[in-house]
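These are my notebook entries on one structure. I record what I looked up, entry by entry.

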Amino acid sequence: MTERPFLVITALRSEQFALAGALSGVPVERCGMGPAKVRQWLPRLAEINPAVVAVVGVAGGLDPSLRAGDVVVATEVRDDKGRRVLRSAAPLVAELRRQGLTVRTGPIVSTDHIVGGVDERQRLAATGAIAVDMESAEIVRALSDTADPSLPIAVVRVVVDTAYTPIARLRTLPAGAKALMVLRRTGPALQKWAALAGPRRVLLAGPRSFCAGVERAIDIVELALQRYSRPLYVRRQIVHNAHVVRDLEKQGAVFVDELDEVPDGTTVVFSAHGVSPAVRVEAERRRLNVIDATCPLVAKVHSEAKRFIARGDTVLLVGHDGHDEVEGTLGEAPGQIRLVQDRAEAEAISVDDPDKVAFVLQTTLAVDDAAQTVDALRRRFPLIESSPTDDICYATTNRQKAVSAIAQDADVVLVVGSPNSSNSLRLVEVAERLGTRAHLVDDASGVLPEWLADAKTIGITAGASAPPHLVDEVIGMLSALGPVEVDERVVAEEDLKFTLPKGVAG
Ligand code: SF4
């Protein structure tokens, strides 16, 4: 029995020619232009019976930000008969971006005619589609209706004519040549993506994703947006996640680094990571309406630090320099609270009175690393005091236990989270310390093909600031590459909820 091939489908001879030279051993079939031609060609598709399909060619840009030569990878294809969602192409997107191509993802609409006029483009763009072609929807529908349901399908289009330069203008000639060159460059990435097709097992860490402090902080901004006049300012990222910030920006929040960017008398939300007293004083002087989204567990560390300072101790804060939370805690008593980043610094630090020392911890440290630093501090300062309860919060601890529970049995661990998320970075470190490859990704489109290439068991978790739907998208992507068996390993149940602060409560 011959193996089912990876098939690339194009509409035009020029596209077929461009791709055939860039793909080795991959059949490139031409279906003809438009849905009627596609329907005539479909028996050939059935005859080939491919295992993976990429529909590749040129397209018209609908989104005004698209330029000639930009690559559009479809998240769905639609036409007047319906829509089909496409989830498998995230690693292809990551690879194309790594190769330096400008890639956008979004819906592609297929029509039965060339869309030339600006008015029709605007009408199609208003439906949410970012590019237009004439074949994708018909091909994808035929594949989804007749072929095996886990068949990986990608639709990749390179923009020729744009929202501002419709087709049949002189400028579309060089744009067409440029698009064909870009199309050729997609070949190696398409082959890497196609090689990922196949069954996998997913080990899902539990708990993962949002903690009580992050949920509360997001709720606070959303409630404040409903209650107070716009613009609503938020000092620093409300939580360290690019998707959360973008979503709140779309709803009307304005993120600033410092209070001097906030006009007097307006409303400002302080982030979940907390602020120093100097920031509170400045906000009061400026008569800002402050809504404080500081996580109660961060506020607890501030209280502990203040308690130790009040009795004359030198406070050692174990944490990472530059993190918003550390900046806020150090600000409780500048000069009297000293930062200790790791065991080496704990071994080296000197204090005025070794009998009057206390330590507090950043809430999102790696539990094992922090224990080593604390051991060194306890050995050097036997009378050192600390909080009666753990400063590393329950959410950080649980997520680290959960990633440990999956890492040893996984070929690779994907941690969903943003690069500035401390607790997400710690999850990568915990998995790596157990000898498993681990990668931080903001979302599915950050997953590079080689991470999955030889991986049959994929561990998945997410930092406390990463929205749960991003994890679903990673699992959806894997499921669209082949059959997936999901095994969730839950190490702790979480039901903590924090009350809302003054200004948005009630
Ligand atoms: S990770 Fe911990 S300290 Fe940070 S917001 Fe969540 S619960 Fe609060």
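**Entry 1: helix α15.** I looked up the cover of α15 and found this helix mostly covered, with ten of its 14 residues buried. I took buried as under 20% relative accessible area, exposed as over 50% and partly exposed as in between, with a 1.4 Å probe and protein chains only. The buried residues of α15 include Ala395, Thr396, Thr397, Asn398, Arg399 and Gln400; Ala402, Val403, Ile406 and Ala407 are also among them. I noted that the helix covers residues 394-407 and reaches 20 Å from its first C-alpha to its last, close to the 20 Å expected at 1.5 Å a residue. The expected span is 1.5 Å times one less than the number of residues in the helix.

**Entry 2: basis of the values.** The model is predicted, so I kept local features at pLDDT of at least 70 and side-chain atom pairs at pLDDT 80 or more, while totals for chains, interfaces and linings use all residues. Residues are numbered from 1 along each chain as its sequence is written, and side-chain values use heavy atoms, with hydrogens and water left out.

**Entry 3: the whole protein.** I recorded 18 helices and 21 strands. Both are DSSP runs numbered from the N terminus: helices are H or I with at least four residues, strands E with at least two. Of the 506 residues, 55% count as buried. Along the principal axes, the C-alpha atoms fill a box of roughly 85 × 55 × 40 Å.

**Entry 4: the ligand.** Which residues are around the ligand? I listed Cys211, Gly213, Val214, Cys295, Leu297, Val298, Thr363, Cys393 and Tyr394, where near means that a heavy atom of the residue lies within 4 Å. Helices α8 (212-227) and α11 (296-310) each supply at least two residues of this shell. By class, I found seven nonpolar, two polar and no charged residues in the shell. Ala, Val, Leu, Ile, Met, Phe, Trp, Tyr, Cys and Pro count as nonpolar, Asp, Glu, Lys and Arg as charged, and the others, Gly among them, as polar.

**Entry 5: aromatic rings.** I counted one aromatic pair. Rings of Phe, Tyr and Trp (its six-membered ring) pair if their centres lie within 6.5 Å; planes under 30 degrees apart are stacked, over 60 edge-to-face and the rest tilted. Phe6 and Trp193 form an edge-to-face pair, at 6.2 Å centre to centre and 75 degrees between the planes. The pair links distant parts of the chain, with Phe6 in strand β1 (residues 6-10) and Trp193 in helix α7 (residues 187-194), 187 residues apart. Phe6 is buried at a relative accessible area of 12%, and Trp193 is buried at 0%.

**Entry 6: backbone geometry.** Most residues other than glycine have a negative phi, and most peptide bonds are trans. I noted a cis peptide bond between Gly206 and Pro207, with omega about 0 degrees; Pro207 is in the loop between β9 (200-206) and α8. A cis peptide bond also joins Arg230 and Pro231, with omega about -5 degrees, and Pro231 lies in the loop between α8 and β10 (232-235).

I then looked up positive phi values. Asn49 has a positive phi of about 50 degrees and is in the loop between α2 (35-48) and β3 (52-61). Is Asn49 buried or partly exposed? Asn49 is partly exposed, with a relative accessible area of 40%. Arg236 has a positive phi near 65 degrees in the loop between β10 and α9 (242-251), and this residue counts as buried at 12% relative accessibility.
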